[in-house]
Each structure stands twice: as C-alpha cells, then as structure tokens.
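Trainee: I'd like to learn how to read pockets, sheets and domains in a model. Could you take me through one?

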Amino acid sequence: MSKLKIVGMGPGSPDYITDIAKQSVQNAEIVIGAKKALKLFQDFIHCESLALTAQNIIEGLKYGVASAAAGKEVVILSTGDPGFSGLLGSLLKVAGKDVDFDVIPNVSSIQICAARLRMRWDTATLISFHADASNEKKMKLVEATKSGNIVILLPDPQSFSPSDVARFLIENGIDKKTAVSVCENLTLTNEKVVTSTLAGILEQEFGVLCVMVVGEKNTKVK
Ligand SMILES: C[S@@+](CC[C@H](N)C(=O)[O-])C[C@H]1O[C@@H](n2cnc3c(N)ncnc32)[C@H](O)[C@@H]1O
C-alpha cells in the first residue's frame, strides 16, 4: 500500500464508514479533508489534521503529497466516492503521473439516490455540474434528455441549482411535464426525496447536498 491514500467517506452517515476507511484513518499520520469529513471521522483521527476549504484545496493536497514523499502516512478524505466529482480529479492535477497513491472507493451520492428511487443507474447518463456548469455540459444534458435517456446529475449549488436546471431544460424545448426527482441530504437525518415535474421544481429550493434525476417515470419512493 502506498503512503498516500485518497479515501471515500461515503454520503455522510456513519453507517457508510467502511472498515478500510476507518483503518486507513486510524493508521494515518496526517488526515486531510473538508470540515464535515474530519468531523465524521473525528473518533478515529489520532494525528495531525488539515481542514480543506475552497481557498486552500490545491495547497492542502500539495502538502499531503509532499508529506507522503517525506515518508508520512497521509489520508485525504473525499466525500462519496473520490472518483465521481471528488478530490481525485484535483489530486491527479496536483500529483502528476509519478506520484504513487491508492484510491479507496466508497458509495457515491448518485448510488444512494438511485437506490432511494429504486432505479437502475447503469443505463443512465451521469453528469456533475459541481463547480463546472459549462455550456457544453448543459447541452449534453439537453441532448440526453431529448433522446429519452434518464439523467442523474449533481447540480451546482451556486450557479446551476435544481430550479435553474428545470428552467434551462424547459427553455431548451424539453416538456415541462418531464418527471424529476430531487434527493436531498441522503443518508442524513434530514434526508428528503421530492418527486415532481420540471414545472413543479421551478419554484422549489433545495440545500447544497442534492442529486437530481431527470426523465425517470417509474419512480417508486418508499
Ligand atoms: C464535490 S461533489 C462530491 C460528490 C461525491 N464524490 C460523490 O461521489 O457523491 C459534492 C456534491 O455531491 C452531492 N452530494 C454529496 N453528498 C450528498 C448527500 N449526502 N446527499 C445528496 N447529495 C450529496 C451534492 O450534489 C454535492 O454538492
């Protein structure tokens, strides 16, 4: 195993802390992650920790890479699965090809969302707008929806919220009666699942933690 590990923390509930994630954190000499990740693992952190913010992500990851190169056991905690819109993307940019590290996977918010809606997700189109709501991605969403694909997407809390997504789709010719579900705060005590239509979502507000599904007609929420 490498000195540097990027470890998925799952969707936020302690129920989704895997044994391997717990052991990695317990054995670490430095744990790096967002405040909520450090809080979730607080009982297992017995070493130095560094809280990542929007302002210090690159600097924090560089510190992790340099510390592992200097011989320390370093864990970077990433929400959900590191490889889906997680810190793996940033780490790959920072680390370059020569740095060795292990990726410890976990359950992504999109998997929990699909489970709550009791839908398969192997045939769905997956798009993350988190921190990247580019026009190219928005048009991919329109095209996928037009061709009848089910889309599971992460909205961007700042620039492309669920109501912005609904408005954009309607403005681009998608039927306002198209089925939509928004799954908020998955696995947390305030979890909420709303199933509606594009028109029905227009005036609704959701928190930062949500996953949206467009075009799934057979949603059966328990
Ligand atoms: C930076 S992305 C990380 C995604 C993560 N790597 C994953 O696999 O779920 C953060 C976004 O993931 C989604 N998310 C993460 N945890 C969530 C949860 N418990 N409930 C709903 N959405 C969640 C939200 O859209 C949030 O804005």
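Trainee: Which residues line the second largest pocket?

Mentor: The general idea first: rolling a probe the size of a water molecule over the atoms shows where empty space is left. Here a pocket is an open set of points on a 1 Å grid over the protein atoms alone, where a 1.4 Å probe fits and protein lies on both sides within 12 Å along at least five of seven lines; lining residues have an atom within 4 Å of a point. In this case the lining is Thr145, Gly148, Asn149, Ile150, Ile174, Asp175, Thr178, Ala179, Gly215 and Lys217. The volume is about 160 Å³, meaning the space filled by probe spheres set on the points, with grid points joined across faces, edges and corners.

Trainee: And what should I know about the model and its numbering?

Mentor: It's a predicted model, where local features need pLDDT of at least 70, side-chain atom pairs count only at pLDDT 80 or more, and totals for chains, interfaces and linings use all residues. Residues are numbered from 1 along each chain as its sequence is written, and side-chain values use heavy atoms, with hydrogens and water left out.

Trainee: How many residues of each class are in the lining of the second largest pocket?

Mentor: There are 3 nonpolar, 5 polar and 2 charged residues. Ala, Val, Leu, Ile, Met, Phe, Trp, Tyr, Cys and Pro count as nonpolar, Asp, Glu, Lys and Arg as charged, and the others, Gly among them, as polar.

Trainee: Where does the largest pocket lie?

Mentor: Domain 1 (4-107) and domain 2 (110-214) both give residues to its lining, so the largest pocket lies between them. Those bounds come from an automatic or database domain assignment. The largest pocket holds about 1200 Å³ of space and is lined by 41 residues, with Lys36, Thr79, Ser85, His130 and Leu209 nearest its centre. By class, that lining divides into 21 nonpolar, 15 polar and 5 charged. Among the elements that each supply at least two lining residues are β2 (30-34), α4 (87-95) and β10.

Trainee: Now the sheets. What is the strand order in the parallel one?

Mentor: Strands of a sheet pair through backbone hydrogen bonds, either parallel or antiparallel. Helices (H or I, at least four residues) and strands (E, at least two) are DSSP runs, numbered from the N terminus, and two strands pair if DSSP finds at least two bridges between them. The parallel sheet is open, with 5 strands in the order β3-β2-β4-β1-β5. β3 (48-52) and β5 (102-104) stand at the edges with a single partner strand each, so one side of each has no neighbour in the sheet. Strand β1 (residues 4-8) pairs with β5 over 3 bridges, and Ile6 has Val103 as its bridge partner in β5. Helix α1 (residues 19-27) packs on this sheet, at about 140° to the direction of β1. Axes are lines fitted to C-alpha atoms, for helices over the stretch in contact, and angles run from 0 to 180 degrees between N-to-C directions.

Trainee: What about the mixed one?

Mentor: That open sheet has 5 strands in the order β6-β7-β10-β8-β9. Its twist averages 15° from one strand to the next. Strand β7 (residues 151-154) pairs with β10 (residues 210-214) in the antiparallel sense over 3 bridges, and Val151 has Val214 as its bridge partner in β10.

Conventions
Contact = heavy atoms within 4.5 Å.
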